[in-house]
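Keep the viewer open as you read.

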Amino acid sequence: MKEVLTLALLLAGATLHAQEKKAPVNPPDVVETKSGKVKIEHLATLNEPWGMAWLPDGRLLITEKPGRLRIYSQGKLSEPLRGLPKIEYHGQGGLLDVKIDPDFSRTKLVYFSYTEAADQQPNITRDIGDPRLGKFNDYSDAILKGGAVARGRLEGQEVRNIEVIWRQVPKTVGRGHFGGRLLFAPDGTLFITSGERQRSEPAQDLTSNLGKMIRINPDGSIPKTNPFINKKGVRPEIWSYGHRNPLGAAFNPATKQLWIHEMGALHGDELNIPLAGKNYGWPVVSNGNNYDGSPIPAHETKPEFAAPVYYWHPAISPSGLAFYTGSLFKDWSGNALLGSFNSEALVRLTLDGNNVSSEERIWLQRRIREVLQAPDGSVWLLTDYKDGELLRLSPVADR
Ligand SMILES: [Ca+2]
């Protein structure tokens, strides 16, 4: 009987994993918002697009999770660029974010995050379960792997001289939560969001770099101003810890501070301002519960952990974050824009200092993976599907 139950659970997990979210058939091309009508233009179709970055000449780098990096320019997508390392594409893992060097015009360096398999694979057949993950336990994936960040020179249709500048430690089997967003700070250091690989506890373990905000120099060395640089037994690239799976990071231009959001478990998605050396509480505290329904103490009960500035219950499952600084959307100046899977929306937050004063969910009927402001002030989005979209949002002109 017990074996039957185990098999049933395995099958349930496998079925869930195989269920792909279908892209909507006739999504809207104009939506009504609090600040007028917004036009949605479909620019290109991509296979699970994840991250994008502008090149100085106006072309756009876009990643596809299965392991392709393309350039979108003048209405066309390029063939995949050559030269990328071997990428382990499975579940939430694959080719993730892309950014260009702050000094790109001189260095031609592009940075990308991805999932890599370990050279030596363990002799096991499947992952070990964690009841707290409930239906999100994925027993089908036995590859030992972890997130990595590499850089290389962009030359024509090729990325050359690839060097790996950071790796998640330790590599683990199965599950998701790689994090993987990249963000250059105004001082030239590189922030990386590192998820806790659905293992929870590593987020509090300072000998591991899982469940952390990471800060390194572009060559992979450690900035001397990092909070744990000289602390014995602590990984020096850690900026802040106690994070779950952050998939959005941006600098707030009003305060010059780093903002991130992170996925909660069963609800409790968070908006955080990660300060050097601070502990953000996962998995000890959360404003949500585990997927099996077991409770987690709320942030308010343990003030020793830094609380989120805002949270979502029920969850929106945020991915992608940008602060709007353009002039095309006149009412959006200084607002935080987030993509959302669950609510199939662009989420617009109006801020009052570090507080969220209002929230608007612009229902696009699509799971939004990434948000990027274009040089002309339009807002470009990626959607999270096998046949995902590159979208351009702009205001419908007054008549
Ligand atoms: Ca937290």
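This is a predicted model: local features need pLDDT of at least 70, side-chain atom pairs count only at pLDDT 80 or more; totals for chains, interfaces and linings use all residues.

Residues are numbered from 1 along each chain as its sequence is written, and side-chain values use heavy atoms, with hydrogens and water left out.

Start with the whole chain. The protein chain holds two helices and 26 strands. Helices (H or I, at least four residues) and strands (E, at least two) are DSSP runs, numbered from the N terminus. The C-alpha trace spans about 65 × 45 × 40 Å along its principal axes. A compact globule of 399 residues would have a radius of gyration near 21 Å, and the protein chain, at 20 Å, agrees with that. The radius is taken over C-alpha atoms, and the globule rule is 2.2 Å times the number of residues to the power 0.38. Of the 399 residues, 54% are buried. Buried means under 20% relative accessible area, exposed over 50%, and partly exposed in between (1.4 Å probe, protein chains only). Among contacts with a separation of 6 or more, 58% join residues 24 or more positions apart. A contact means heavy atoms within 4.5 Å.

Four strands form an open sheet in the order β16-β17-β18-β19, with antiparallel pairing. Two strands pair if DSSP finds at least two bridges between them. The edges are β16 (245-252) and β19, each pairing on one side only. Neighbouring strands are turned by 15 degrees against each other on average, direction ignored. Axes here are lines fitted to C-alpha atoms (for helices, over the stretch in contact), and angles run from 0 to 180 degrees between N-to-C directions.

Strand β17 (residues 257-263) pairs with β18 over three bridges. His261 has Leu271 as its bridge partner, and Ile260 stands opposite Asn272. The two strands form a hairpin with five residues between them, and His267 in the turn has a positive phi of about 70 degrees. Three bridges also join β18 to β19. There, Leu271 stands opposite Tyr310.

Side chains in a regular strand alternate between the two faces of the sheet. In β18, Asp269 and Leu271 point one way, Glu270 and Asn272 the other, and all are buried.

Tyr280 and His299 both lie in the loop between β18 (269-272) and β19 (310-312), so the pair ties together parts that are 19 residues apart in sequence. Tyr280 is buried at 3% relative accessible area, and His299 at 2%.

The largest has 19 residues, and Leu61, Leu69 and Val159 have the most contacts inside it. Elements giving two or more residues to this core are β5 (68-73), β7 (95-100), β8 (109-117) and β9 (144-155). Apart from it lies another core of 17 residues, including Ala322 and Ile362.

Conventions. A nonpolar core is a set of buried Ala, Val, Leu, Ile, Met, Phe, Trp, Tyr and Cys residues joined through side-chain atoms within 4.5 Å.
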